[in-house]
Amino acid sequence: MRLLKIGRDASNDIVLRSERVSSLHAEITLMDSGDILLEDRGSQNGTFIQNTPIKPGKPVNIRRGDAIRFADVELQWSQVPMPEDNSAYKAIFGIGSHLNNDIQLTGDTVSRYHAAVKIGKDNKVYLIDHSKNGTTVDGQRITPNTPVRIKKSSAIVCGRVPAPKPLPIPWPSSIWKTILTAAAAILILAGIGFGAYKLIGGSQKSSDKELYARFNHAVVMLVGIYHFEVEVGDWSAAQFQQYNQVCEQIYQINKEDLRVPPQVLIDGSGKPILASGVSSQDLINAFNKQGSYGGTGFFISKDGQLITNLHVVKPWLESNMTELLQDEFSKRIAKYVDFISNYTLATSGVAGGILAPSEMSAYISKVKVKGVLDYVALIPNGMIYDPDNIIKCRVLSAGNDLNKDVALIQTINKQLPTGDCTTINVTDSMDVNDAALTVGEHIYTLGFPMLTSLQDLSAKDGIQLLARGGSITQILNEYLFGFDAASYGGASGSPIFNDKGMLVGILNSGARATQGFNYGVKAKYIKELLESPHNVE
């Protein structure tokens, strides 16, 4: 396989001279099967096949000679290399970070289609480099696009990331000869270009130890503060004045024995709250709640973007907190106004005095409670937990549907906090296929359950991730799957990997009283969020 980048920037494989063309406009992938894929990379002015626009981020099949246009520039097919003549080879295997490869490697320096391994009809094995950052064989960098003979004992490094040794391919032997011939024939007929290895043996697995080493510096602890704001309707100036007068009378009469009925809102001294109206800051503050909380997130890009749970950036969505508080607030105001009205009747013989019942109902209907995120910040794994080390973030995308419990945030400076921080490649190393989630499959998760409670905050090595392996125990519904790796509050937002190092979900809930009953949101909703972000005020 070979990837061709197309755009205005000089670093592209095909450079287009037009201001309407984006820096990186689109990509063409030349598959080993001979298929050609075209993908728009989020260009501003679009990519077109026969004058029909294609959807960004969705690869489509094209044929040589099709009328392709990038904004206002037509593709010149002479710039696209002809398919390689692979008639001399029995089988071909791709190496890189993309899912289409037979041998998948994870790392920022690994190209999506980094290299190819070809087995010749002479039973010799060759390696061809197609990458940006190069490939070495036994310490020697090889020439790009030139076949180099390799052995089963060869040490191969792709963009500074070692490939498994030996490569997980069916190395030629008398036993494999018949199998390889049949597999190659199936590949030609199917035309899918995924390689014989997938047809006869699966892909490379990683141990929990290897997964920890690969991903532990991509996961961070999150801390946040939020509060509720209460909005109320307005009274007339006359109603404000009467309200204040009655409040003062109640206090003067009851201040000696403090016989203020408990349903009346009072401040810390026992005095009814005096305000310029029910919408005053004093009254609002009596109900505003504030809370601090924590969670987990993981980096997905070098500009400091992270994935976490929706309920980590909007904690008030859990348990309908705003609705419950709004209901409580409305009931308390109703009791308060009712008490004042009854008091006025008892002392002056005049019923009501502030609001008629219909006016009171209209007023209460205007009471609104909303959650407000003051800030969310991160502490990288291995950093000392200290206020000076907290790195503030902003919310980029967060909806309101807790079924799809995922959100996207970003560091304020749009950078990774330290040089040790790494990212999880959600473009090429995330499996969004429901078929990949089967009961009994091994999973591995890294996060910060119980947050600082399980940390030695005086340790010089800083905070440390907790990692647990387990198995998928249940496919709960369209959104969630269950697993038995122990966890706890604070781990919300932890990435969940399968044993091939693919991101398959994000931890979002569990039974606090009983360990081993936890749930993750399927990775396909991370993909959906990134492709269709929510507007954030």
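Biologist: What percentage of the 537 residues of the protein count as buried?

Modeller: This is a predicted model, in which local features need pLDDT of at least 70 and side-chain atom pairs count only at pLDDT 80 or more, while totals for chains, interfaces and linings use all residues. Residues are numbered from 1 along each chain as its sequence is written, and side-chain values use heavy atoms, without hydrogens and water. With buried set at under 20% relative accessible area (1.4 Å probe, protein chains only), the share of buried residues is 48%.

Biologist: What share of the contacts with a separation of 6 or more joins residues 24 or more positions apart?

Modeller: A contact is a pair of heavy atoms within 4.5 Å. Among contacts in the protein with a separation of 6 or more, those between residues 24 or more positions apart make up 63%.

Biologist: Which residues does Ile526 touch, not counting residues up to four places away in sequence?

Modeller: Ile526 is one of the residues with the most contacts inside the largest core. With those sequence neighbours left out, Ile526 touches Phe298, Ile307, Val406, Met430, Leu503 and Ile506.

Biologist: How many residues does the second, separate core have?

Modeller: Its members include Ile119, Ile156, Ala163 and Leu167. The count for this second core is 21.

Biologist: Which elements give two or more residues to the lining of the largest cavity?

Modeller: A cavity is a set of points on a 1 Å grid where a 1.4 Å probe fits but cannot get out, and lining residues have an atom within 4 Å of a point. There are 3 cavities of 30 Å³ or more, and the largest has a volume of about 60 Å³. Its lining includes Thr445, Leu446, Leu466, Arg468 and Leu507. The elements are β25 (442-447) and β26 (466-475).

Biologist: What is the volume of the second largest cavity?

Modeller: Residues that line the second largest cavity include Asp431, Asp434, Lys522 and Lys524. Its volume is about 40 Å³.

How values were computed:
1 Å grid on protein atoms, 1.4 Å probe; cavity = no way out; pocket = protein on both sides within 12 Å on 5 of 7 lines; lining within 4 Å. Points joined across faces, edges and corners; volume = space filled by probe spheres on them. Helix = DSSP H or I, 4+ residues; strand = E, 2+ residues; numbered from the N terminus. Core = buried A, V, L, I, M, F, W, Y, C linked by side-chain atoms within 4.5 Å. Buried < 20%, exposed > 50% of the residue type's maximum accessible area, 1.4 Å probe, protein only.
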